[in-house]
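Please brief me on this protein model. Cover the overall fold, the surface and a few local details.

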Amino acid sequence: MPTVRIPPVLRPEAGNNRHIELPGATVREVLEGLVSEYPSLRNRIFEGDDLPQFLNVFIDGTDVRLNEGLETAVADDATVILLPAVAGGS
């Protein structure tokens with residue numbers, strides 16, 4: 001089953017989990033499973049039917065936007081990494 005790595009900024013909304021195993025053959029299926037289990041993450045993970053611009057999603061180090069986006073295939077032993085963009089400064 002694929003593993004989703006939850007970044008620190010999203011952990012409070014994901015039951016303080018660092019990693020969550022979820023079934024799914026595509027990025028969309030895995031992330032739908034995540035927001036089904038933790039509904040408060042939906043507006044952080046999805047913007048309408050797509051990924052928000054500020055959220056980067058990687059499968060084993062490869063940006064899904066360079067593949068098929070949410071329809072990118074996910075292997076059973078894959079690690080899906082959620083990486084929200086961080087802005088700041090003065």
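The briefing below starts with the basis of the values and then moves from the whole chain to single residues.

This is a predicted model: local features need pLDDT of at least 70, side-chain atom pairs count only at pLDDT 80 or more, and totals for chains, interfaces and linings use all residues. Residues are numbered from 1 along each chain as its sequence is written, and side-chain values use heavy atoms, with hydrogens and water left out.

**Overall fold**
- The protein has two helices and five strands. Here helices (H or I, at least four residues) and strands (E, at least two) are DSSP runs, numbered from the N terminus.
- Along the sequence the order is β-β-α-α-β-β-β.
- The radius of gyration is 12 Å, which agrees with the value near 12 Å for a compact globule of 90 residues. That radius is taken over C-alpha atoms, and the globule rule is 2.2 Å times the number of residues to the power 0.38.
- Along the principal axes, the C-alpha atoms fill a box of roughly 40 × 30 × 25 Å.
- Contact means heavy atoms within 4.5 Å. Among contacts between residues at least 6 apart in sequence, 46% join residues at least 24 apart.

**Burial and surface**
- Of the 90 residues, 41% count as buried. Buried means under 20% relative accessible area, exposed over 50%, and partly exposed in between (1.4 Å probe, protein chains only).
- The protein exposes about 5,200 Å², and carbon and sulfur atoms supply 49% of that area. The areas come from the Shrake-Rupley method with a 1.4 Å probe.

**Strand 3 and its partners**
- Strand 3 covers residues 55–59; four of its five residues are buried, so it is largely enclosed by the rest of the structure.
- Strand 3 runs antiparallel to strand 5 (residues 79–84), and five bridges join the two. Two strands pair if DSSP finds at least two bridges between them.
- F58 stands opposite I81 in strand 5.
- Two bridges join strand 3 to strand 4 (residues 62–63), again in an antiparallel arrangement.
- I59 has T62 of strand 4 as its bridge partner.
- The hairpin of strand 3 and strand 4 has two residues between the strands, and D60 takes a positive phi near 45 degrees there.

**The loop residue T26**
- T26 sits in the loop between strand 2 (19–21) and helix 1 (27–37).
- T26 is buried, at a relative accessible area of 15%.
- Leaving out residues up to four places away in sequence, T26 touches L70, E71, T72, A73 and V74.
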